[in-house]
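Morning, everyone. I have one structure to walk you through today. Please have the sequence and the 3D view open as we go.

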Amino acid sequence: MNRRWLFLLPVLAFAGIAVFLGIGLTHDPSKLPSALLDKPVPRFELPGLDGADLDGEGLSSADLADGEPVLVNIFASWCVPCRVEHPYINALAEEGIRVVGINYKDKPEDARAWLAGLGNPYTLIGSDRDGRAGIEWGVYGVPETFVIDGSGTIRYKHVGPVQERDLRNAIRPVLEEIGR
Amino acid sequence: MRAIVALIIMLLAAVPSLAGVTPDEILDDPALEERARSLGRELRCLVCQNQSIDDSDADLARDLRILVRERLESGDSDQQVRDYLVARYGEFVLLKPPVQASTWLLWAGPFALLLAGAVGVGTFMRRHPVGMTEPSPLSNDERARLQQLDIDKA
């Protein structure tokens, strides 16, 4: 070995570590990969928000595997970022995309008032008062949004409020891919 | 000054009471509770991320503590409880990552670095033994110069 070049070794080691850590800095540590990706939706059955402007039957796993792609949006009236993303969810529903909601750890009356004020994009809503269905879905922060294909398989998960760029870069492409 | 010291002591004394597990969650069966505690210490609170569910006051941590206890009461083994949570939240929920193909670097890395360092130091020591090197003999020029200096001194 030519010892003249040995001095480069620490420089290369530094560069390697810098690149490695630099890539790490671009990751948002609050966004975790979902363990449920490409798996069937978890089994759950939730009562509805009685009195909401829906059929009031609640939401269960069976509703999510009926051949049509569907967006599952986990929301709560106490969740401020949910308010931020709500117009986007409304717009998706207006386009004819089927959106269902899981109302996470919320009082049904609060959720009803919230939806009355901001609009209700959901064709079905399940009320998850104790957060157990949330655990089945691996929810660790609301809002979270799942894209489900017609066979009831989870194809994409978004954590945090859905924004224009999330729709453009991730959610719409996935929806297109699964034939919506 | 005394007041400040007293305040600090009181605040320090209050710290343990902030820990997550609340009395209403504790199981009647001490053996099960002990298992729940040791599981709780190795499960990550997904909201705070660097606390265990036992240490955290977050709502989700409390839900998970109760869930762990329910599953233990219904007869799950510790491993079944871990698997249940990993299936939903991914391996990130385990504070101690399992040894497997994707984590071998994490586990073996420090030892590999230590070994590499030891080999490096060993090689260096062999090439430069401390206090045992024969100084290379003086060259003719040096000898002549030394003689010159001696003559000058005298």
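Predicted model: local features only at pLDDT ≥ 70, side-chain atom pairs only at ≥ 80, totals over all residues.

Chain A has an open sheet of 5 strands. Read across it and the order is β5-β4-β3-β6-β7. The pairing is mixed. Which strands sit at the edges? They are β5, residues 124-128, and β7, residues 154-159, and each of them pairs on one side only. On average, neighbouring strands are turned by 15° against each other, with direction ignored.

Now find β3 of chain A, residues 70-75. On one side β3 meets β6, residues 144-148, and the two pair in the antiparallel sense. There are 5 bridges between β3 and β6. You can pick out the partners by name. A:Asn73 has A:Thr145 as its bridge partner in β6. A:Leu71 is bridged to A:Val147 in β6.

β3 also pairs with β4. Here the strands run parallel, and 5 bridges join them. A:Leu71 turns up again: its bridge partner in β4 is A:Val99. Further along, A:Ile74 of chain A stands opposite A:Ile102 in β4.

Look at the two faces in turn. One side carries A:Val70, A:Val72 and A:Ile74. The other carries A:Leu71, A:Asn73 and A:Phe75. Both faces are covered.

6 of the 6 residues of β4 in chain A are buried, so β4 is largely enclosed by the rest of the structure. A:Val99, A:Gly101 and A:Asn103 point one way from β4. A:Val100, A:Ile102 and A:Tyr104 point the other way. All of these are buried.

What packs on this sheet? Helix α2 of chain A, residues 80-94, does. Helix α2 touches β3, β4 (99-104) and β6. The direction of α2 makes about 160° with that of β3.

On to the charges. Over all chains, the structure holds 18 salt bridges. I will show you some of them.

Take A:Asp66 and A:Arg98. Their closest N and O atoms are 3.0 Å apart. A:Asp66 lies in the loop between β2 and β3, and A:Arg98 in the loop between α2 and β4, so this pair ties together parts that are 32 residues apart in sequence. The partners sit in contrasting surroundings. A:Asp66 is partly exposed, at 46% relative accessible area. A:Arg98 has 12% and counts as buried.

Next, a pair that crosses between chains. The side chains of A:Lys105 and B:Asp59 meet in a salt bridge at 3.9 Å, N to O. A:Lys105 lies in the loop between β4 and α3 of chain A, while B:Asp59 belongs to helix α3 of chain B, residues 59-73, so the pair joins two chains. Is A:Lys105 buried or exposed? A:Lys105 is buried, because its relative accessible area of 19% falls under the 20% cut-off. B:Asp59 counts as exposed, at 52%.

Now stay in chain B. B:Arg71 and B:Asp76 form a salt bridge at 2.8 Å, N to O. B:Arg71 is partly exposed, with a relative accessible area of 25%. B:Asp76 is buried, at 14%. Chain B also has a network of salt bridges, and it links B:Asp24, B:Glu25, B:Arg62 and B:Arg65.

Last stop: the surface of chain A. Which residues form a nonpolar patch there? They are A:Trp5, A:Phe7, A:Leu8, A:Val11 and A:Leu12. Together they have about 520 Å² of accessible area. A:Leu12 is one of them, and it sits in helix α1, residues 8-25. A:Leu12 is exposed, with a relative accessible area of 55%.

To recap. A:Lys105 and B:Asp59 join the two chains. The nonpolar patch, A:Leu12 included, is on the surface. That's my tour.

How values were computed
Residues numbered from 1 in each chain as written. Chains lettered and ligands numbered in written order. Heavy atoms only, no water. Patch = residues over 30% accessible without salt bridge, like charges linked within 9 Å, V, L, I, M, F, W, Y side chains within 5 Å. Areas by Shrake-Rupley, 256 points an atom, 1.4 Å probe, with all protein chains shown as cover. Salt bridge = Lys/Arg side-chain N within 4 Å of Asp/Glu carboxyl O. Helix = DSSP H or I, 4+ residues; strand = E, 2+ residues; numbered from the N terminus. Buried < 20%, exposed > 50% of the residue type's maximum accessible area, 1.4 Å probe, protein only. Pairing = 2+ DSSP bridges. Axes fitted to C-alpha atoms, helices over the stretch in contact; angles between N-to-C directions. Contact = heavy atoms within 4.5 Å.
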